[in-house]
Amino acid sequence: MALESIASEAAIQTNLERFLLVLSVSLSVATLPQIFGWMRQIPYTLLLVIVGAGLAFVDVRLVNLSPELILSIFLPPLLFEAAWNLKWSNLKRDLVPIGLYAVFGVVISVLGIAFGLQQFTSLSLEIALLVGASLSATDPVSVIALFRELGVGDRPKTLLEGESLFNDGVAVVAFGLLVAIPLGLGQFELRATVLEFLVVVGVGIGVGSLIGFGLSYLTQRFDLPLVEQSLTLVAAYGTYLITEELGGSGVIGVVTVGLVLGNFGSRIGMNPRTRVIVSEFWEFLAFFVNSIVFLLIGDQINFESLAKNLDSIAVSVVAMLVTRAIAIYGLGALSNALAGSRISLPEQTALWWGGLRGSVSIALALSVPAALSGREEIIATVFGVVLFTLLIQGLTTKPFLKVLGLLGNQPLKQEYLEAIARQVALKRVLERLEEIHKRPLVEPEFYRYQVALVQGQLTDIEQDLKKLTQEHPELRDFAIEQIQEELLAVEAETYAEFVKAGQLNKELVPSLPSVLGETSSEH
């Protein structure tokens, strides 16, 4: 027993040392762009992959990346954070194209990649289908991190985020079915497959909704920011584990609970200060986990294995790009015709090239049973394609979007919002000074000095805002959108106050959108 205890303690210490090493390297690399200006042209996520690949080249292995580590530890917080920040209004607007891409896009990808591999390589149909299933889902971790960092506009970002968040459930179902066939544990039958898919998705949505709405009404009863923050973390991991245990899609469950809490629970159950605290917590957690994930993806590369499977990697890359084009342009045209989605050709092209693969594909490939012949070929092929999408597509996405005219002017918008925030804050300081002036023991000279100081700063900010709007007239539309969102937020928070006070039984839908729409059309 003593020897077992010593061995256990040694294992814990070794794992802790490895974790600290991974953490130190990943966070150091993530901060390099702040030190070396030329590195800012490379998104930090891709920089981490490059550094990880360098470590793999010199045979420095940090941690073995297992499917359980990706799916159970890394993926839930990343999915939750993305869903928390995804606006339901934007998602609802593009629900038809997102649904088409997430379901039929996966089917097209699986069949297309498998067909290419069977025709042009020596891989069997069963192995080709498993490669296709592993590569069928665009990875939310890779896509969302890159698009946010580049400041892509709301429309293409919503389409790609929505597709990436929901198509994983379809890909996992397809992979589970296909991996069972060569092992003799299952057979393809269309009706049973469709039914299984509906059950998996339905359980995910059901569990996610139940936990999300339950926590939303629970947090109405108290105002404890740290407790509410902790509950969201428990919700992310708890929803994934419970949904998987019940036979549903943990990915769909986490996305659902994130959408509910981000768009409903944070409105009726959290005050504005708590929402900011929770949002900042998840922003940090996403950065933290992303830094580890992308470093480990690069560090898992086996260059010898990649070299042996260059033919299947090359065929898979071509097949992936071709099937992605068929899915995006074909289903995009169908969505435009059926639902009037109005997805422009540049936006569709951005969706095509931005369909990166990442940790989800790697997790599926690594989960292939060791008893299945061809496992090493599957892992090598998937790793090779993932590296292509991250390094080739990822590094060229920024100039690609710039050519398409879709690269968002995020720094300019941020500069404008910061100036507006400072202006509002200083005006509130002036109002506070008026109240303080009436207090006893406040000397008039002190009051006048503080007022003059604040007014001087206000004048400078107003001049900066005037200059900014004159040099960039396109900010006018952005400013109007911000005002409309602010008005909607005020209306929604007022309804939430009535719900908390027990004067309303349910949250009302804000009625301002129709009014604002009419007003904007008149102008």
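**Contacts, helices and side chains**

Modeller: Among contacts in the protein between residues at least 6 apart in sequence, 82% join residues at least 24 apart; contact here means heavy atoms within 4.5 Å.

Colleague: Before we go on, what sort of model is this?

Modeller: This is a predicted model, where local features need pLDDT of at least 70, side-chain atom pairs count only at pLDDT 80 or more, and totals for chains, interfaces and linings use all residues. Residues are numbered from 1 along each chain as its sequence is written, and side-chain values use heavy atoms, with hydrogens and water left out.

Colleague: OK. How many helices and strands does the protein have?

Modeller: 21 helices and zero strands. Both are DSSP runs numbered from the N terminus: helices are H or I with at least four residues, strands are E with at least two.

Colleague: And what share of the residues is buried?

Modeller: 48% of the 523 residues. Buried means under 20% relative accessible area, exposed over 50%, and partly exposed in between, using a 1.4 Å probe and protein chains only.

Colleague: Switching to charges, how many salt bridges are there?

Modeller: Seven, taking a salt bridge as a side-chain nitrogen of Lys or Arg within 4 Å of a carboxyl oxygen of Asp or Glu. One of them joins Glu-304 and Lys-308, at 3.8 Å from N to O.

Colleague: Where do Glu-304 and Lys-308 sit?

Modeller: In helix α13, residues 303-308, where Glu-304 and Lys-308 are four residues apart, about one turn of the helix. Both Glu-304 and Lys-308 are exposed.

Colleague: What does Arg-432 pair with?

Modeller: Glu-435, with the closest N and O atoms 2.9 Å apart. Arg-432 and Glu-435 are three residues apart in helix α18 (residues 410-437), so about one helical turn separates them. Arg-432 is partly exposed at 45% relative accessible area, and Glu-435 is partly exposed too, at 48%.

Colleague: New topic: how many aromatic pairs?

Modeller: Nine. Rings of Phe, Tyr and Trp (its six-membered ring) pair if their centres lie within 6.5 Å; planes under 30 degrees apart are stacked, over 60 edge-to-face, and the rest tilted.

Colleague: Why is the pair Phe-281 and Trp-282 edge-to-face?

Modeller: Because the planes are at 75 degrees, with the ring centres 5.4 Å apart.
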